[in-house]
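Colleague: Hi! Could you walk me through this model? I'm new to reading structures.

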Amino acid sequence: MQELLSREHYQRVLEDRATDGRQTPTRAKPRSSASKPAGGSDSASARSVSKKSEKNKKAVKGVRDADGVFPERDDCPPLGLETLKIDDFQLHASSMRHYGLGPHRGRLNIQGGLYEDDLYDGGWCAGRNDPLQWFEVDARRLMKFTGVVTQGRSSLWSSDWVSSYKVLLSNDSHSWVTLKNGSRDLIFSANREKEIPVLNLFPKPMVARYIRINPRSWYSSGSICMRVEIMGCPMPDPNNYYRRRNEVTTTDNLDFRHHSYKEMRQLMKVVNEMCPNITRIYNIGKSYNGQKLYAIEISDNPGEHELGEPEFRYTAGSHGNEVLGRELLLLLMQFMCQEYLSGNTRIRRLVDETRIHLLPSINPDGYEKASEGSELSGWSLGRWSQDGLDIHHNFPDLNSVLWEAEAQKWVPRKFHNHHVPIPDWYRSTNATVAVETRALVSWMEKIPFVLGGNLQGGELVVTFPFDRTRSVTALREATPTADDHVFRWLAFSYASTHRLMTHASRRVCHTDDFAKEDGTINGASWHTAAGSMNDFSYLHTNCFELSMYVGCDKFPHETELPEEWENNRESLLVFMEQVHRGIKGVVRDVQGKGIANAIIAVDGINHDIRTASDGDYWRLLNPGEYRVTVRAEGFSVSSKVCAVGYDIGASSCDFVLGRSNLSRIREIMQKFNKQPISMRQRLRQRLSIPCKAVEQVLATTGSRVRFPETESTD
């Protein structure tokens, strides 16, 4: 709905002032919409001053003073209803329709379930529709309140929203003061539909502990239902009690703010200039609007694949409005550069032994749509590419191809269980494929990635393949891969080191409690989706890929970024280190030359991988002993037992393959411009070379053949 609505038209509707002194709701202006000075010789100077002041504003944005208090300004951050910093016990209401529509559900952008139920619905709904209802937030300390953001109820089956409301404030929850417009109560115009958030700023900041929203009118065919965020700055706390208990601080000196496309490019350039010996910036293609998809490589030898060194990737921003992952990767590249220069042993080892690729923004066009403001981006605005495609689920559906081959019993004799080919229709120019997806496919085929993680938002969970159910009619069904035990470990390695994902007492983001599953879930067990990036990566390449949903809030306020960095920093590092778990090696011929595309098969796991162009390979495995078999066209088969330990560091397991008998005979036959031998019984009929010559060739391979004595040896 948000993608189809005209924002300009909606803005004009909102700007029409209502009667009886109602306050006009506002939406934040796009980051790029700076007012330009008009004409004259002073215009350049004015622009310079404007840029300088804007730079100064950005420099102080999100910075607290010694008491943990934000400086005096009107752009106070959200209290944290959406990010769950505000507990359920701090939310109260005059009444509720049922528990699932209680005040604890009145959080901005909270999502209701597929079906209406009594536990997890999409908002707070009053038990009665009358002007005496209210929704209350207890900040638990004095706050300087500056505004309110509202939405209607999230529901597929009903339409409910509040169209106007009053705001009341209190210090003791008994005596309440209503915001005034002169001598009359100030009435704020609210929502005109249920999804687009609307921000109302107060005429001046108001200091109080409690704040109430009193609905005055609502959608005529619906009920009093709201989702809310409160904007406010904490007042000085003499005992510093609130900060000690509820705030997470970081000592990392990083650029904690949201970055536009231009600012993102500039930051990547700054990191490259700080660490030129271990970084390289490149682009994998362009977006629909022509913006380059920039990636940064972090390695001790950037720009070159080193024999035996695994390739790792993090991607983010496939959904343009899920921006936390984008900012985390920008913070990660800064952090790794700084720590490498300072001599951090862990980071130096990771950089020296791994080729790391970070792609912060897959969908920069979608980000531009969502970048109006964190509280105003909504749940879906900017999610899709410019041409309306969900990039993360825009890959070819190789699951169906493989499963059909298995049903026909073609696997493994006629059809491989890995490197499933892309259908011809998908590569055609008129296929419904985003240009960003095509760029990703080309990138994934070019570099022999071993492990990858794509960062998303809106939840706190790590998902792993398969993302599509085998049953066509099932909406949710566990659909494990042949490497399910490995994927579960990889997912747990991230979730268990995250500060919140496995926390038993944390509140669910929306409707699903993933903490009871250790913060991980099989993608198809959550919801089925064909053509996901994770499934494609596993079935078409060697790369094991997972999705990390790194926060309940898709677009957190800048002031939340330091805490979100602390939540995810260790997880980001630990997951990268898992690329060194399992076995690795090089497959060579007897002359020592690497063999490309050799098939690495592990007994008991119905999913093989292939060697890279230099003959090196990496196979992710959990600790244990495995019989590994290597096959390559024209070479004999080789097997050995390879052991995997518990410590980080892949076990070496190299192979040397000799030429097969058949391949050597074919070489001799090709030398004489003849066809390959197919049957020994028809050797004389198919070949014109002397039989003794054939016997000599076969003798060199250790094979013997006897020709009928009645035939001539000529």
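Colleague: Is K409 buried or exposed?

Modeller: K409 counts as exposed, because its relative accessibility is 71%. Buried means under 20% relative accessible area, exposed over 50%, and partly exposed in between, with a 1.4 Å probe and protein chains only. Bear in mind that this is a predicted model, where local features need pLDDT of at least 70, side-chain atom pairs count only at pLDDT 80 or more, and totals for chains, interfaces and linings use all residues. Residues are numbered from 1 along each chain as its sequence is written, and side-chain values use heavy atoms, leaving out hydrogens and water.

Colleague: Where does K409 lie?

Modeller: K409 is in the loop between α8 and α9. Helices (H or I, at least four residues) and strands (E, at least two) are DSSP runs, numbered from the N terminus. K409 has a positive phi of about 60°, although it is not a glycine. Most residues other than glycine have a negative phi.

Colleague: Which peptide bond is cis, with omega near 5°?

Modeller: That is the bond from V411 to P412. P412 also sits in the loop between α8 (398-407) and α9 (424-427). The bond from P465 to F466 is cis too, with omega near 0°, and F466 is in the loop between β16 (459-464) and α11 (484-495).

Colleague: Switching to strands: how many residues of β18 are buried?

Modeller: Eight of its eight residues, 544-551, are buried. Strand β15 (residues 449-456) pairs with β18 in the parallel sense over six bridges, and G453 stands opposite L546 in β18. Pairing here needs at least two bridges found by DSSP between two strands.

Colleague: And how many bridges join β16 to β18?

Modeller: Five, and these two strands run antiparallel. V462 stands opposite M548 in β18.

Colleague: Now helices. At what angle do α5 and α14 cross?

Modeller: The axes of α5 (residues 324-342) and α14 (residues 561-577) cross at roughly 70° and come within 10 Å. Axes are lines fitted to C-alpha atoms, for helices over the stretch in contact, with angles from 0 to 180 degrees between N-to-C directions. The two helices are therefore roughly perpendicular to each other; angles under 35 degrees count as roughly parallel, over 145 as roughly antiparallel, 65 to 115 as roughly perpendicular and the rest as oblique.

Colleague: Which residues make the contact?

Modeller: Among them are L328 and F335 of α5 and W565 and L572 of α14. Contact means heavy atoms within 4.5 Å.
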